[in-house]
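Open the model in your viewer and keep the selection tool at hand. We will go stop by stop.

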Amino acid sequence: MNFMTTDRSYNCPVCHLTLSLADRDKDGYTVCPVCGAVMAIVISNGHILPVVHAVENKRSQLRFRLHSILTHFSIGTMPIAIIASVIAFITELAFIPVWHNFDRAGIMMVFVSLIAGLITFLTGVIDWKKRYRGRPYLQISIKVKLSLLLVVVCTGALLLHGFSTTSTTISVTYLIYFSLLNGAMAVYTVLGNIGGKLVYGK
Ligand SMILES: [Zn+2]
């Protein structure tokens, strides 16, 4: 029974995407978000058996993939913020006066990442409502929670260091700020990974 992965998860028999018992609709069916297989879930001898009944072949495909396009602004600017922060720290340590410029550039990138992230989140919710018909997929609820975490982390980083006028990079506050940026990057990676699986499959 190698199709079982965990107690509550199983693989779509058609495209092998990992799905969860939590993905079931109110009527008890699950529609695979990637291949559109409509499944009834049978529990037999403790094993999860997805039984394919039909395939949802009429599915709205948004003309402009705004979510996939916009996500690159939020993911792409965060590494620049991290690199600028490292250069700011090194140059301030070396008493090179350009450190402040790099610091400000990094903060600006965090700001861009946050704003782009918020717009990306909204387009993602529209995609979910239209393309995936608002079905209760575990992946999407994880993405929503991680997105909210991301907003908290980026806002926290900006409040901590970004809006400070007497900032220095040689401080514990800056270390926390830098850690938050790296934390945000890790969350972006997980979000992108889940999103990629929903678009391209496993
Ligand atoms: Zn599938």
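First, a definition: helices (H or I, at least four residues) and strands (E, at least two) are DSSP runs, numbered from the N terminus. This is a predicted model, where local features need pLDDT of at least 70, side-chain atom pairs count only at pLDDT 80 or more, and totals for chains, interfaces and linings use all residues. Residues are numbered from 1 along each chain as its sequence is written.

**Stop 1: the end of α4.** Select G201. This glycine follows α4. Its phi is positive, near 90°.

**Stop 2: α4 itself.** Now select residues 172-200. This is helix α4, with 29 residues. From its first C-alpha to its last, α4 reaches 42 Å. That is close to the 42 Å expected at 1.5 Å a residue. The expected span is 1.5 Å times one less than the number of residues.

Which residues of α4 are buried? They are Y174, Y177, F178, L180, L181, A184, Y188, L191 and G195. Buried means that 20 or more other C-beta atoms lie within 10 Å of a residue's own; exposed means 12 or fewer, and partly exposed is in between, with C-beta atoms placed from the backbone. An α-helix has 3.6 residues a turn, so residues three or four places apart point the same way.

**Stop 3: two loops.** Select R133, in the loop between α2 and α3. R133 has a positive phi of about 55°, although it is not a glycine. R133 is partly exposed, with 13 other C-beta atoms within 10 Å.

Move to H16, in the loop between β1 (9-11) and β2 (18-20). H16 is not a glycine, yet its phi is positive, about 75°. H16 is partly exposed, with 14 other C-beta atoms within 10 Å.

**Stop 4: the sheet.** Select β3, β4 and β5. They form an open sheet of 3 strands in the order β3-β4-β5, with antiparallel pairing. Two strands pair if DSSP finds at least two bridges between them. The edge strands are β3 (29-31) and β5 (47-55), each pairing on one side only. Strand β4 (residues 37-44) is joined to β5 by 8 bridges. Click V42: its bridge partner in β5 is L49.

**Stop 5: the two domains.** Colour domain 1 (9-55) and domain 2 (66-200) separately. Domain bounds come from an automatic or database domain assignment. The C-alpha centres of domain 1 and domain 2 lie 34 Å apart.
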